[in-house]
Amino acid sequence: MQLTKLARDVMFNPQLICLIGAECTGKTTLAKALAAHFSSLWVPEHLRSFCDLQGRTPRADEQALIMRAQFEQEEQVAALARQRACPYVLCDSAPLLTAIYSDFYFSDRSLFECAHVLHTRYALTLLLQPDMPWLSDGLQRDGDPARAAIQARLRHELHAMRHPCIEVSGSGDSRLQAAILAVETLTS
């Protein structure tokens, strides 16, 4: 019996998992490792790509575009994951983090409503703890004090949204194992 496209999409609809945390919380490293472990795909953080391409951090008027680009990348990778029957799409960051940055750096709260709606697409959010040293890459902004403030805002927003969220801490293999166990809660 041949499956219709709709039936295939329903059967092979990957779950989106958000890895979120302030700067230097290991989002990219962990997203890649989880994707490899679960034979899945990962979505890079658009903000980092933007900064690398532009050679600067974004202006206030570019925040909504960055948020939209993150969403669009996630949708594109989710479509590819459906075709490949991958169980998960690991998202390095999320539109919510862009909204928080926009509020923190530019006192602009206009992106929160959209970010909250978009966050409901994730089956699970992994909130990565800032328990590793902050290292500047030349484009990151303010160091450990800003990281702590962003992390507090993330925790507040996620708690207010009542979205499934598991905090991940530790380093190296113990951090990866904690994240694997968190993702496995989706199938238990």
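# Helices and salt bridges in a predicted model

Q: What span should the 22 residues of helix 4 have at 1.5 Å a residue, and how far apart are its end C-alpha atoms?
A: At 1.5 Å a residue, the 22 residues of helix 4 should span 32 Å, and the end C-alpha atoms are 32 Å apart, so the two agree. Keep in mind that this is a predicted model.

Q: Which residues of helix 4 are buried?
A: The buried residues of helix 4 are Gln63, Ile66, Met67, Ala69, Gln70, Gln73, Glu74, Val77, Ala78 and Ala81.

Q: And what follows helix 4?
A: Ala85 follows helix 4, and its phi is positive, near 55°.

Q: What about helix 5, how many residues does it have and how far does it reach?
A: Helix 5 runs over residues 95-106, which is 12 residues. From first C-alpha to last it reaches 16 Å, close to the 16 Å expected at 1.5 Å a residue.

Q: Is helix 5 mostly covered or mostly exposed?
A: Mostly covered: 9 of its 12 residues are buried. They are Pro95, Leu96, Leu97, Thr98, Ala99, Ile100, Tyr101, Ser102 and Asp103.

Q: Which residue comes after helix 5?
A: Ser107 comes after helix 5, with a positive phi near 55°.

Q: Changing topic: how many salt bridges does the structure hold?
A: It holds 10 salt bridges. Side chains of opposite charge can pair when their charged atoms come close.

Q: Which residue does Glu72 meet in a salt bridge?
A: The side chain of Glu72 meets that of Arg68, at 2.9 Å from N to O. Both residues lie in helix 4 (residues 63-84), 4 residues apart, about one turn of the helix.

Q: What does Glu75 pair with?
A: Glu75 forms a salt bridge with Arg121, and their closest N and O atoms are 2.9 Å apart. This pair links distant parts of the chain, 46 residues apart: Glu75 is in helix 4, and Arg121 is in the loop between helix 6 (112-119) and strand 4 (122-128).

Q: How accessible are Glu75 and Arg121?
A: Glu75 is partly exposed at 34% relative accessible area. Arg121 is partly exposed too, at 23%.

Q: Where does Asp131 come in?
A: Asp131 forms a salt bridge with Arg175, the closest N and O atoms being 2.7 Å apart. Here too the pair links distant parts of the chain: Arg175 is in helix 8 (residues 172-184), while Asp131 is in the loop between strand 4 and helix 7 (144-161), 44 residues apart.

Q: Which residues are linked in a network of salt bridges?
A: Arg56, Arg59, Asp61 and Glu62 are linked that way.

Q: Now the whole chain: how many helices and strands?
A: The protein chain has 8 helices and 5 strands. Along the sequence the pattern is α-β-α-β-α-α-β-α-α-β-α-β-α.

Q: How does its radius of gyration compare with a compact globule?
A: A compact globule of 188 residues would be near 16 Å, and the protein chain has 16 Å, so they agree. Its C-alpha atoms fill a box of roughly 55 × 35 × 35 Å along the principal axes.

Q: What share of the residues is buried?
A: Buried residues make up 44% of the 188 in the protein chain.

Conventions:
Residues numbered from 1 in each chain as written. Predicted model: local features only at pLDDT ≥ 70, side-chain atom pairs only at ≥ 80, totals over all residues. Heavy atoms only, no water. Salt bridge = Lys/Arg side-chain N within 4 Å of Asp/Glu carboxyl O. Helix = DSSP H or I, 4+ residues; strand = E, 2+ residues; numbered from the N terminus. Buried < 20%, exposed > 50% of the residue type's maximum accessible area, 1.4 Å probe, protein only. Expected span 1.5 Å × (residues − 1). Rg over C-alpha atoms; globule rule 2.2 N^0.38 Å.
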